Amino acid sequence: MVGNTGKHALVLGGSIAGLLAARVLADRYATVTIVERDRLPSTAVQRRGVPHGQHVHAMLPRGLQIIEGLLPGFTAQVVSAGGLTGDILANVRWYLNGLPLRRTAIGLTALSASRPLLEGTVRDRVRALANVTILDGYDVTGLCASAGRDRITGVVVARRGGAGPRVVDADLVVDATGRGSRTPRWLAELGYETPPADRVAIDLAYSSFLVTAPDHLMGDDLVVVTARFPGQRRSSVMQRLEGGRVLVTLAGVQGERPPVTPADLPAYARTLARDDTYDVLRAAKPLGTPVAYRFPTYVRHRYDHLRRLPAGLLVTGDATCGFNPVYGQGMSVAAMNAAALAEELGHGDEPDPYRYFQAVAQILEAPWRLAVGADLALPGVTGPALPASPLTPDYLRRLQLAATEDAEAAAALVRVTSLVEPPQTLLGAEVVRRVERVPVAPAAP
Ligand SMILES: Cc1cc2nc3c(=O)[nH]c(=O)nc-3n(C[C@H](O)[C@H](O)[C@H](O)COP(=O)(O)OP(=O)(O)OC[C@H]3O[C@@H](n4cnc5c(N)ncnc54)[C@H](O)[C@@H]3O)c2cc1C
């Protein structure tokens, strides 16, 4: 269905957020062009513009639900390529505060696969849409505006190592270039305010190691999460991937640097709250060498706070808000942004940037509160204060402890962290009753 929104939409960046935006735009625009800096591979392989693709990428149920709605059969396609599915609580080993969450099936699907397979599957589906074109190997170097600078009319692109820049005209430009987005700077060059930015200085370091591990150590579990807890700055996630592989990511915050030499990984893992990661690393056969990633801060750009915006420009995905990746929210939030874009386009007229950015701000509220609330509880982490809420770190910790014994509490908690239910549900009478059974401020193990 092509609507009356405009003729040509341009998406900057061909990663998860850009591809999902293009899928939505294809319903309303006669043609959609994705401009991507990398030459995009025809298979599901790691690429330069997404260095994070070598690290654990958990797909939360909310993101999967939206992607499945936009690309029906997506989950089955990933599974046919070797991805694995299971229940997010029954088939994931969650250690919070060093204790396992009580397991029960809650009917929310977790999909476990490498980031290149997830992105490659979305890319294949979007590339197959008749009105979508991918202009890869082109760098976007600037925005083009109308004479009055009140409308974005296209972008300047330059072929990597090739001929000089050229202009691509568009009725709508959607920036999905990730955390390095230059839209704040480009807006300033056009005489607009730069969006205020909320920054959380987390100083996160990852080390990820692809291995094969004896079957019995992972069991039927798709993912094993050994979370940090107050007093502990180290954590790990192990994820089963296609091809019988296991991706082990060790993480440290606030100056903790997980090692990048294979021989040193088990000793680091031994200091975690549980030995599951240590056991896997000790028995594992390496399939490469560990890869490091540093993440000093994460940033939320408050486009919703701008009083003046040009027509014809929207921003999505990490370009609006990049999250601390340990919470696994980024791809799901990109999908939620795509849903907001679809709703905005559903109004039928030209997209209204003010309304769109308000919708994005609402979407970001829950994941932002969950991530920032947990991170600010760590001594030394700085960031914007959150509005006061009864969901205090102490209440959440007691809920986590309740969830180790009480299946209903575990279900309530994981539905919220899966972004399927809003955090307020954790304050429902039934959940509060279960939390109140846990003594105040128990000691960490
Ligand atoms: C270490 C790490 C681990 C993560 N783990 C998880 C996880 O477990 N679960 C989860 O849901 N999310 C995770 N994320 C977040 C997730 O990767 C992103 O939220 C998701 O990829 C959406 O990002 P995006 O498409 O907005 O940007 P990106 O994935 O960063 O893609 C931006 C794209 O734009 C292109 N580009 C950039 N500049 C230009 C330009 N000027 N011109 C043309 N093209 C350009 C790049 O080449 C790239 O393809 C993690 C992130 C990191 C860093």
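This is a predicted model: local features need pLDDT of at least 70, side-chain atom pairs count only at pLDDT 80 or more; totals for chains, interfaces and linings use all residues.
**Entry 1: helices α9 and α10**

I started with a pair of helices and noted that α9 and α10 are roughly antiparallel to each other. I had the angle to back this up: their axes cross at roughly 150° and come within 10 Å. The cut-off for roughly antiparallel is over 145 degrees, so the label applies.

I looked up the handedness next. The crossing of α9 and α10 is right-handed. Then I listed the residues that meet. From α9 I wrote down Val333, Met336, Asn337, Ala340, Leu341 and Glu344. Their partners in α10 are Arg355, Tyr356, Ala359, Val360, Ile363, Leu364 and Pro367. Helix α10 itself covers residues 353-376.

**Entry 2: helices α2 and α9**

I stayed with α9, residues 330-346, and turned to its packing against α2, residues 61-70. Here I found an angle of about 45° and axes 8 Å apart. That makes α2 oblique to α9. I noted a left-handed crossing for this pair.

On the α2 side I found Arg62, Gly63, Ile66, Ile67 and Leu70 in the contact. On the α9 side I found Ser332, Ala335, Met336, Ala338 and Ala339.

**Entry 3: the loop between β14 and β15**

I moved to the loop between β14 (234-241) and β15 (245-253), where I found glutamate 242. Is glutamate 242 buried or exposed? I read a relative accessibility of 10%, so glutamate 242 counts as buried. The cut-off for buried is under 20%.

I checked what surrounds glutamate 242. Leaving out residues up to four places away in sequence, it touches Ala81, Gly82, Gly83, Ala113, Ser114 and Leu117. With serine 114 I found a polar contact between the two side chains, at 2.4 Å.

Glycine 243 lies in this loop between β14 and β15 too. I read 69% relative accessible area for glycine 243, so it is exposed. I also took its C-alpha distance to threonine 212: 9.4 Å in space, for 31 residues in sequence.

**Entry 4: the nonpolar cores**

I ended with the cores. The largest nonpolar core has 125 residues. Leu20, Leu25, Val32, Phe74, Val155 and Val173 touch the most other members. Apart from it I found another core, of 19 residues, among them Val211, Ala213, Leu272 and Tyr278.

Beyond residues up to four places away in sequence, valine 32 touches His8, Ala9, Val11, Ala22, Leu25, Ala26, Asn131, Val132 and Thr133.

Key
Residues are numbered from 1 along each chain as its sequence is written. Side-chain values use heavy atoms; hydrogens and water are left out. Helices (H or I, at least four residues) and strands (E, at least two) are DSSP runs, numbered from the N terminus. Buried means under 20% relative accessible area, exposed over 50%, partly exposed in between (1.4 Å probe, protein chains only). A polar contact is a pair of N or O atoms within 3.5 Å; within protein, one must be able to donate a hydrogen and the other to accept it, and residues adjacent in sequence count only if both atoms are side-chain atoms. Contact means heavy atoms within 4.5 Å. A nonpolar core is a set of buried Ala, Val, Leu, Ile, Met, Phe, Trp, Tyr and Cys residues joined through side-chain atoms within 4.5 Å. Axes are lines fitted to C-alpha atoms, for helices over the stretch in contact, and angles run from 0 to 180 degrees between N-to-C directions. Angles under 35 degrees count as roughly parallel, over 145 as roughly antiparallel, 65 to 115 as roughly perpendicular and the rest as oblique. A crossing is left-handed if the near helix is turned anticlockwise from the far one by less than a right angle, and right-handed if clockwise.
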